[in-house]
Amino acid sequence: MTGLLQLIFLLANLQLSLSFTTRTQLMSPQQHRHHHRSSSSSLTAHQSSSNSTSDDNTNTPPAYTFGLLTDIQHAPIPDGHSFTGNARYYRHAMEAAAYAAQHFQEERVNCVVNLGDIIDGKCADVQRWGGEVDTTTATTTTAVEETSNGDKMIVSVGHDAIDNVLQALSVYSGKILHTYGNHELYNLSRDRLAEKLSIPFTLEDTGDLVGYYTHLIENCNQNDEEQSSSSMKLRALVLDTYDLCLLDRCPDSSHKRHRAHEILSANNHNYPHEENSPEGLEGTNRRFVAFNGGIDEPQLEWLRNSLEMARENEEKVIVFSHQPIHPDSTWPTCLVWNYDEVLDILRSYKDVIIASFSGHAHKGGYVRDEESGIHFRSVEAILESSPPIKTYAIVDVFEDKLVIRGEGDCLSDVYDIDHTKVKLKV
């Protein structure tokens with residue numbers, strides 16, 4: 001595997017060097033909008049919301065810049081398809097992640113955000129999906145069971161797969177903020193995710209681990225000559241949308257699993273026999289499937305408190321989560337179960353929140369919430385971009401806008417943030 005990783009890094013660096021040369025010669029970051037299209041449809045193309053300021057900051061460096069990637073879903077198996085027939089490129093995804101990390105390093109972004117699903121659920125049974133694993137070289141972190149005749153059978157390579165992706169991302173030397181999705185939970189416990197992804201899980205009174213946290217982004221990576229004079233303070237707020245869920249929760253003792261069971265029983269007639277099927281459900285009710293989750297009251301209270309503190313400290317906030325929050329930014333089958341409760345809280349802090357970024361939906365989507373002005377963006381997945389396409393984004397944060405520099409299949413766009421200038425009476 002070490003030899004394979006070295007080859008991946010070599011190819012990624014070679015391709016990136018050629019790409020950087022071409023990109024520098026042909027366009028500036030502000031011109032890098034070749035994917036942009038205007039449309040009223042949030043799921044097929046993104047709509048611009050900043051015609052008035054799109055060229056105002058041509059020579060002004062951004063206050064912050066961060067890298068963004070999602071749904072890598074690497075697995076050591078041949079290319080395949082989702083259960084709905086979408087092509088997936090499991091091995092290429094890790095090469096694309098290495099390429100993105102090198103680009104982030106070259107750009108000296110302030111931080112990188114991984115929106116979850118760093119490995120695929122199929123790591124839990126690679127042999128079923130055509131992968132080959134040498135049982136004689138299985139590591140201590142590879143789940144191994146003995147068959148009835150004493151032979152060793154590898155059950156999951158999820159631990160090694162996630163280590164390999166993290167090694168690919170390590171080309172970037174700065175801070176990486178991770179959230180997690182359903183596919184990590186098909187392979188690893190939350191305890192292991194805490195170790196591997198440095199997610200600061202909270203042990204709640206129920207005895208359940210939940211991975212929500214904030215991070216004040218430091219403006220320390222840019223070149224001195226490109227340093228912004230902006231006084232903006234920017235905080236990342238990372239939600240755990242698998243707070244309430246069935247996955248990796250004890251069936252006997254977990255309060256949150258019991259709540260998840262009640263939610264699915266009440267809202268999906270296919271449950272529990274076809275727990276991942278939305279068949280027969282209509283509209284946003286299609287979100288009530290077992291590969292989704294919800295946010296419990298302690299985290300909702302933490303969210304309110306964190307946003308109130310950000311307001312008091314005159315910080316701006318960008319919200320990150322695996323599952324999308326706004327129903328017009330994604331397919332109904334991808335929504336957080338109690339998205340409406342979360343959305344109500346976010347709307348109450350429209351003077352603080354610039355945008356919300358999520359993964360999970362794979363094809364991407366966008367809407368600017370009419371009530372609050374907050375931008376909700378579902379980011380396109382690395383996994384479903386065919387070689388040699390490498391999909392990720394670099395986001396520039398200015399005082400008056402966000403500039404999304406999409407790579408590969410990720411659409412570029414410019415978002416006004418004038419809604420944050422309005423002072424609310426509190």
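**Rings and cores**

Let me start with an aromatic cluster: Phe-66, Phe-320 and Phe-357 form one. The model is predicted, so to speak of local features we need pLDDT of at least 70, and side-chain atom pairs count only at pLDDT 80 or more, while totals for chains, interfaces and linings use all residues. Residues are numbered from 1 along each chain as its sequence is written, and side-chain values use heavy atoms, leaving out hydrogens and water.

Next, the cores. A nonpolar core is a set of buried Ala, Val, Leu, Ile, Met, Phe, Trp, Tyr and Cys residues joined through side-chain atoms within 4.5 Å. Buried means under 20% relative accessible area, with a 1.4 Å probe and protein chains only. The largest core has 71 residues. Phe-66, Phe-320, Phe-357 and Val-397 are among those with the most contacts inside it. Apart from it lies another core, of 26 residues, including Tyr-212 and Ile-374.

Now, aromatic pairs. Rings of Phe, Tyr and Trp (its six-membered ring) pair if their centres lie within 6.5 Å; planes under 30 degrees apart are stacked, over 60 edge-to-face, and the rest tilted. How many pairs does this rule count? There are 10. Take Tyr-180 and Tyr-242: the centres are 6.5 Å apart and the planes at 40°, so this pair is tilted. The two residues are 62 apart in the chain. Tyr-180 is buried, at 1% relative accessibility. Tyr-242 is buried too, at 0%.

Last, charges over rings: NZ of Lys or CZ of Arg within 6 Å of the ring centre and within 35 degrees of the ring normal. Lys-122 lies over the face of Trp-129, 4.1 Å from the ring centre. Lys-401 has its charged end over the ring of Phe-398, at 5.4 Å from the centre.

Definitions and conventions: Buried means under 20% relative accessible area, exposed over 50%, partly exposed in between (1.4 Å probe, protein chains only). Helices (H or I, at least four residues) and strands (E, at least two) are DSSP runs, numbered from the N terminus.
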